[in-house]
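Please go through the structure below with this briefing at hand. It is arranged by topic.

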Amino acid sequence: TRGGNPHAVIISPPINYSLGFTIEIKGKIAGWGNIIHITTGDNCCAYGQRVPLVAFKKNTTQLIVAAQDSERDGQYVLPNELALHQKHDIVVHVFGFEVSTYINGTLAKRKNIKTRMQLDQVNVWIGDPWHEPADAIISDLSFTEAVHITLTPTTAFQGEDYTFKNFESSFVDDGNGFAISLNYTLGKSVNRVNVTLLDKNCTSPTTDSIINLVTDKSEDSNVQFLKKVSVNKQKFSTSTLVTRSEGSSKGTLSFCVKAEGVSEDDISVSFRQDKLNLSYDLTNNTFEVLSNGLKADDIDTTSKNVATRYTIIAHRCTSLTYTETEPDTPLQQNALVFICIKPNSTDVEISTFNLNFVQDEFTFQVVNSGVASTILSSVYPEGDNIKIVSRLVSAFFNSDTDTFHASGDANLKFKTARRKLDPLRSLSDKDNAGEATFGMNVKLQKQILPQKQSHNISQIALSVFGTCVLLSVLF
């Protein structure tokens with residue numbers, strides 16, 4: 001309940017911590033349903049006032065986790081709701097530069113965070129004074145100093161899904177004009193879908209006024225995203241996107257739709273392109289919609305390069321091992337790319353490193369100063385080996401260039417009798433063993449996939465033949 005005194009006080013709380021509890025949810029409430037709030041005093045938003053806060057999103061059982069860092073970041077919403085009237089084991093694990101939330105032992109979501117400072121004292125509220133308490137029963141509460149959890153990259157990323165599952169298009173004549181409805185089904189990790197109208201060759205955006213992207217009145221869900229393209233039938237006779245015959249009575253409107261699955265930190269992770277051909281014959285009052293989808297996939301490592309006296313050995317590896325895997329094994333778009341690095345000598349170790357994926361003028365930063373740059377990447381050190389895992393962003397497949405370069409550099413230091421624990425500390429002259437670069441070229445390929453069209457629309461008789469949709473329009 002609101003008010004009163006905190007339920008506990010923690011003196012000198014650990015910077016790396018693990019908060020665990022069991023929750024049985026009885027119902028939903030209209031506002032934020034507060035579960036646990038650990039704070040130096042107030043609700044928000046100075047550093048120390050949410051370390052962490054766990055609550056339910058309004059009118060849902062989706063968990064909100066706020067594990068504040070020095071830049072007052074670290075908040076996210078878990079993608080799925082928790083079932084009512086069941087017990088769920090929750091762990092919020094803050095270690096190094098990541099905050100991770102586990103539900104019943106499975107990683108549900110994680111986020112990169114910045115540095116944190118030591119606090120003198122914090123108050124623990126189970127249902128804080130600033131929000132309505134969650135309608136739930138809390139038990140088995142624990143708050144301990146965190147240790148590093150060793151996970152394979154597959155486990156760490158298993159809660160993420162950015163793939164395009166399905167695409168359906170349909171012709172619409174709603175009385176206000178012609179339109180093509182686009183229905184995308186994507187993985188649960190996609191935060192939003194960005195749609196761009198391109199020319200018929202899918203090479204550049206089109207400004208032809210015969211087609212315009214309009215907002216669909218249907219609300220997007222976690223996996224279903226609805227878009228609509230309006231078609232100005234008065235432009236059939238003049239548009240450069242239309243190939244005409246018999247004057248303007250017959251023809252084909254051809255253009256391309258690019259849809260991008262965007263992550264919560266606004267990075268395009270996956271994409272698909274669909275060529276739409278709207279063929280019409282006004283003498284017979286018929287329209288025929290055909291589409292071909294372009295999906296990029298199949299990458300493989302083509303070369304690697306190392307330099308300097310103390311060098312870095314870099315190669316592709318797998319989620320289960322640090323050893324080199326077959327470099328020409330193909331990988332699909334939206335799959336995980338594993339790169340392992342280590343010094344070529346046991347005399348030195350990697351102090352810090354950077355890794356970028358580069359294609360032409362575009363650079364995707366994977367690791368900066370030893371820390372994953374986005375939620376799409378992660379770093380796993382083990383002894384002298386370091387494994388980097390990252391998803392490929394869609395920008396690499398949106399180019400005529402069929403390769404990108406994984407390029408990195410690392411600062412090396414001589415090992416000492418007692419190894420330093422902080423991998424990002426400043427190097428002294430006596431420690432410094434120099435800088436080494438590493439890299440590999442990655443090849444990209446594309447393939448054409450057939451797509452589906454569906455939906456029965458009022459005033460339209462629709463028949464499906466393979467990938468073609470035949471529509472008879474009543475004027």
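The model is predicted. The structure holds three cavities of 30 Å³ or more. It also holds six aromatic pairs.

- β27 runs antiparallel to β28 (residues 385-391), and six bridges join the two.
- Across from Ser377 stands Ser390 in β28.
- In a regular strand, side chains alternate between the two faces of the sheet.

- Strand β19 (residues 250-262) is joined to β20 by 13 bridges, and the two run antiparallel.
- Gly251 has Tyr280 in β20 as its bridge partner.
- β20 (residues 268-281) is mostly covered, with twelve of its 14 residues buried.

**The largest cavity**

- The largest cavity holds about 100 Å³ of space.
- Its lining is made up of 13 residues.
- Pro14, Tyr17, Tyr47, Val51 and Leu119 are the lining residues that lie nearest the centre of the largest cavity.
- Sorted by class, the lining has ten nonpolar, two polar and one charged residues.

**Aromatic pairs**

- One of the six aromatic pairs in the structure is formed by Trp125 and Trp130, and this pair is edge-to-face.
- The Trp125 and Trp130 rings are 6.2 Å apart centre to centre, with 70 degrees between the planes.
- Trp125 has a relative accessible area of 6%, so it is buried.
- Trp130 has a relative accessible area of 30%, so it is partly exposed.
- Phe362 and Phe396 have ring centres 5.3 Å apart and planes at 70 degrees, so this pair is edge-to-face too.
- Phe362 lies in strand β25 (residues 362-368), whereas Phe396 lies in the loop between β28 and β29 (403-414).
- The Phe362 and Phe396 pair therefore ties together parts that are 34 residues apart in sequence.
- Phe362 counts as partly exposed because its relative accessibility is 31%.
- Phe396 counts as buried because its relative accessibility is 0%.
- Phe164, Phe167 and Tyr184 form one aromatic cluster.

**A residue in the β22–β23 loop**

- Thr321 is placed in the loop between β22 and β23 (336-343).
- With a relative accessible area of 27%, Thr321 is partly exposed.
- This value falls between the cut-offs, because buried means under 20% and exposed means over 50%.
- Thr321 and Cys340 are 19 residues apart in sequence.
- In space, Thr321 and Cys340 are 9.2 Å apart, C-alpha to C-alpha.

How values were computed: Residues numbered from 1 in each chain as written. Predicted model: local features only at pLDDT ≥ 70, side-chain atom pairs only at ≥ 80, totals over all residues. Heavy atoms only, no water. Pairing = 2+ DSSP bridges. Helix = DSSP H or I, 4+ residues; strand = E, 2+ residues; numbered from the N terminus. Buried < 20%, exposed > 50% of the residue type's maximum accessible area, 1.4 Å probe, protein only. 1 Å grid on protein atoms, 1.4 Å probe; cavity = no way out; pocket = protein on both sides within 12 Å on 5 of 7 lines; lining within 4 Å. Points joined across faces, edges and corners; volume = space filled by probe spheres on them. Nonpolar A, V, L, I, M, F, W, Y, C, P; charged D, E, K, R; others polar. Phe/Tyr/Trp six-rings, centres within 6.5 Å; stacked < 30°, edge-to-face > 60°.
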